[in-house]
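Student: Please take a close look at the aromatic rings of this protein and at the packing around them. I would like one connected account, with the cut-offs stated.

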Amino acid sequence: MAFPGTVLFDLDGTLLDSAPDMLATVNAMRAARSRSPMTIAELRPHVSKGARAMAAAAFPEVDAGEREGWIPEFLTRYADELGRYGKPFNGIEAALEQLESAGTVWGIVTNKPEYLAQQLMPMLGWQNRCAVLIGGDTLARRKPDPLPLTAAAERLGVAPESCVYVGDDERDIIAARAAGMPSVVALWGYRLDGDDPALWGGDVLVDDPRALGDPATWPAVP
């Protein structure tokens, strides 16, 4: 068994438990509107769905059009909370070190705005380790479109089928399949109650980040 030569990761809900930072963000918005705080349990399932989904969870009674106008505020407040409470999931750092020791090149493809993802890299100590970073606004299309994954592979000089993509959301797996890229479903991430990862079509389902440190966990690649 061997590790893949190239691995691409989703960020929020896969590498990073960013839910505490997101909770601080939505609760600042709720406080500004005289609402009581949400709990982490209420917000956590929505984090991988993005800012609009979190705003909808925080303000379900507000018209979607009005909430849309609050997205810049969400991003501004989130920038203030960025990296304050969130941290890599337990086992992620060890798994990354094991991948690196085996010569694996890894990068990040996320729907988070690129400028926010880039700001996180030095906070996590990943600025010189992450070989490519593509955000949700880096290209003309974002996941579930395969373009971000194929572009990341191109920047690394490898074929998509030689990469493995790891993500916790169905959009991640849809994008990987469309890119011809083997995929790993991160079951420790953020999911709504009705989500069934077994139906997403991922190549491997993994319930503990520490398993990524075992080459036997990974799907075979050319």
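**Aromatic rings and their surroundings**

Tutor: Arg33 sits over the face of Phe59, 5.7 Å from the ring centre. Arg33 also lies over the face of Trp70, at 4.1 Å from the ring centre. A charge counts as over a ring if NZ of Lys or CZ of Arg is within 6 Å of the ring centre and within 35 degrees of the ring normal. This is a predicted model, in which local features need pLDDT of at least 70 and side-chain atom pairs count only at pLDDT 80 or more, while totals for chains, interfaces and linings use all residues. Residues are numbered from 1 along each chain as its sequence is written, and side-chain values use heavy atoms, with hydrogens and water left out.

Next come the ring pairs. The structure holds four aromatic pairs. Rings of Phe, Tyr and Trp (its six-membered ring) pair if their centres lie within 6.5 Å; planes under 30 degrees apart are stacked, over 60 edge-to-face, and the rest tilted. Among the pairs is the tilted one of Phe89 and Tyr190, with 6.2 Å centre to centre and 55 degrees between the planes. Phe89 lies in the loop between β3 (87–88) and α6 (92–101) and Tyr190 in the loop between β7 (183–186) and β8 (204–206), so this pair ties together parts that are 101 residues apart in sequence. Helices (H or I, at least four residues) and strands (E, at least two) are DSSP runs, numbered from the N terminus. Phe89 is buried at 10% relative accessibility, and Tyr190 is buried at 1%. Buried means under 20% relative accessible area, exposed over 50%, and partly exposed in between (1.4 Å probe, protein chains only).

Another pair, Trp106 and Trp126, is edge-to-face, at 5.7 Å centre to centre and 90 degrees between the planes. Trp106 belongs to strand β4 (residues 105–109) and Trp126 to the loop between α7 (114–124) and β5 (133–134), so the pair ties together parts that are 20 residues apart in sequence. Both of these tryptophans are buried. Ring pairs link Phe9 with Trp106 and Trp126 into a cluster.

What are the residues with the most contacts inside the largest nonpolar core? They are Phe9, Leu15, Trp106, Ile108, Trp126 and Trp218, in a core of 51 residues. Such a core is a set of buried Ala, Val, Leu, Ile, Met, Phe, Trp, Tyr and Cys residues joined through side-chain atoms within 4.5 Å. At least three residues of this core come from each of domain 1 (6–17 + 88–213) and domain 2 (18–81); the domain bounds come from an automatic or database domain assignment. Not counting residues up to four places away in sequence, Trp126 touches Leu11, Leu15, Pro88, Ile92, Glu93, Leu96, Trp106, Ile108 and Met121, where contact means heavy atoms within 4.5 Å. A second, separate core of 14 residues includes Ile134, Ala151, Ala175 and Ala176.

One annotated position also deserves mention. The UniProt annotation "active site" (unreviewed entry) covers Asp10; UniProt positions are given in the numbering used here, feature names are shortened, and annotations may be inferred rather than shown by experiment. Asp10 lies in the loop between β1 (6–9) and β2 (16–17) and is buried, with a relative accessible area of 5%. Leaving aside neighbours within four places in sequence, the contacts of Asp10 include Leu15, Lys143, Tyr165 and Asp172.
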